[in-house]
Amino acid sequence: SSFSRYPPLLHDLIKARKWEDAIRLCRFVDQRFLWAILAGKALDRCHLDSAEIGLASLQSVAKLNYILYIKDLPNEKARVAELALFKRDIKSAEAVLLQCNPPMLYRAIKINLRMHRWDRARQIAKAKPELARMVELYYKQWTSQEILSGKEAKELKSIKAKFSDKPQDSDDEDAGDGEEEDKPAPTSRGAKRAPVESKHADGEGDGGESAGRHREDTVGEEDEEDGDHGGDVDGAGGESKE
């Protein structure tokens, strides 16, 4: 069997942090396994630009969307935490946020809520009654058949606006408050979106979406709302931590 000389060459370029040369090599050879190596190694080294190019070439839409989301975060610590969560290392993600000065309690709580770790979210929220109230409102919204009342929805939105460093980002959109329209998932930069066809929902929706909203079917995978992004880099050469 033949042995390709390109993977060792790519590893050497990445080890030397010659990312542009590594990308040129991948484009020249144009094989999926090289793009997978590039994407995985770039994620391990937190080089998001190269990871974006690699995942786009692999047409890994869900993971690409999450990397674009991370790149848009306004805080470096938040980006490091989200990358750790991407690798399924929730303990490291939480530690990064709680060791900040001051601690980023809101984001640490939201990470645990996204993983449905309700008890841990309550422990962190004890320091601030408003955050404790936010946890209980999310618990009611996500684990029961009840819909938040108008007063509760406004209360939740007010708490989020107070504590979030970016209240309207995709991680903190509240689909259950009935005040915002659904937004299509982001696409890779420079890519053209395929035509979409609107369909009217019957009244049921995942993630607390209000009845009767219009949905858009887009080409590719859609990220679940409120940050169910914590997947590993399957087939992309990344190492996930449990």
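A residue is called buried here when its relative accessible area is under 20%, exposed when that value is over 50%, and partly exposed in between. With that cut-off in hand, helix α5, which spans residues 61-71, can be described as mostly covered, since nine of its 11 residues are buried. The structure is a predicted model, and what follows should be read as a description of that model.

The buried residues of α5 are Ala-62, Lys-63, Leu-64, Asn-65, Tyr-66, Ile-67, Leu-68, Tyr-69 and Ile-70. These buried residues pack against four other helices, namely α3 (32-44), α4 (48-57), α6 (76-86) and α8 (105-114). An α-helix has 3.6 residues a turn, so residues three or four places apart point the same way.

Around this helix, the protein chain as a whole contains 11 helices and two strands. Followed along the sequence, these elements come in the order α-α-α-α-α-α-α-α-α-α-α-β-β. Of the 242 residues in the protein chain, 42% are buried, and the accessible surface of the chain comes to about 13800 Å², with carbon and sulfur atoms contributing 48% of that area.

Helix α1 covers residues 6-15 and helix α2 covers residues 19-29, and the two pack with their axes 8 Å apart at an angle of about 160 degrees. Because angles over 145 degrees count as roughly antiparallel, α1 is roughly antiparallel to α2. The crossing of these two helices is left-handed. On the α1 side the contact is made by Tyr-6, Leu-9, Leu-10, Leu-13 and Ile-14, while α2 contributes Trp-19, Asp-21, Ala-22, Leu-25, Cys-26, Phe-28 and Val-29. Sorted by class, the residues of this contact comprise 11 nonpolar, no polar and one charged.

The second pair is formed by helix α9 (residues 118-125) and helix α10 (residues 129-143), whose axes come within 8 Å and cross at roughly 160 degrees. The angle therefore makes α9 and α10 roughly antiparallel to each other, and α9 passes α10 in a left-handed crossing. Here Trp-118, Ala-121, Arg-122 and Ala-125 of α9 meet a set of α10 residues made up of Pro-129, Leu-131, Ala-132, Val-135, Glu-136, Tyr-138, Tyr-139, Trp-142 and Thr-143. The contact of α9 with α10 divides into 10 nonpolar residues, one polar residue and two charged residues.

Leaving aside residues up to four places away in sequence, Ile-53 touches Ile-23, Arg-27 and Trp-35. Ile-53 and Trp-35 are 18 residues apart in sequence, and their C-alpha atoms are 8.5 Å apart in space.

Most residues other than glycine have a negative phi, and most peptide bonds are trans. Cys-46, which lies in the loop between α3 and α4, has a positive phi of about 60 degrees although it is not a glycine. The relative accessibility of Cys-46 is 43%, so this residue counts as partly exposed. His-116, in the loop between α8 and α9, likewise is not a glycine and has a positive phi of about 60 degrees.

The loop between α7 and α8 contains Pro-102, and the peptide bond leading from Asn-101 to Pro-102 is cis, with omega near 0 degrees. Met-104 is also found in the loop between α7, residues 90-98, and α8. With a relative accessible area of 15%, Met-104 is buried. The C-alpha atom of Met-104 is separated by 9.4 Å from that of Ser-164, although the two residues are 60 residues apart along the chain.

How values were computed: Residues are numbered from 1 along each chain as its sequence is written. This is a predicted model: local features need pLDDT of at least 70, side-chain atom pairs count only at pLDDT 80 or more; totals for chains, interfaces and linings use all residues. Side-chain values use heavy atoms; hydrogens and water are left out. Buried means under 20% relative accessible area, exposed over 50%, partly exposed in between (1.4 Å probe, protein chains only). Accessible areas come from the Shrake-Rupley method with a 1.4 Å probe; for residues, only the protein chains shown count as cover. Axes are lines fitted to C-alpha atoms, for helices over the stretch in contact, and angles run from 0 to 180 degrees between N-to-C directions. Angles under 35 degrees count as roughly parallel, over 145 as roughly antiparallel, 65 to 115 as roughly perpendicular and the rest as oblique. A crossing is left-handed if the near helix is turned anticlockwise from the far one by less than a right angle, and right-handed if clockwise. Contact means heavy atoms within 4.5 Å. Ala, Val, Leu, Ile, Met, Phe, Trp, Tyr, Cys and Pro count as nonpolar, Asp, Glu, Lys and Arg as charged, and the others, Gly among them, as polar.
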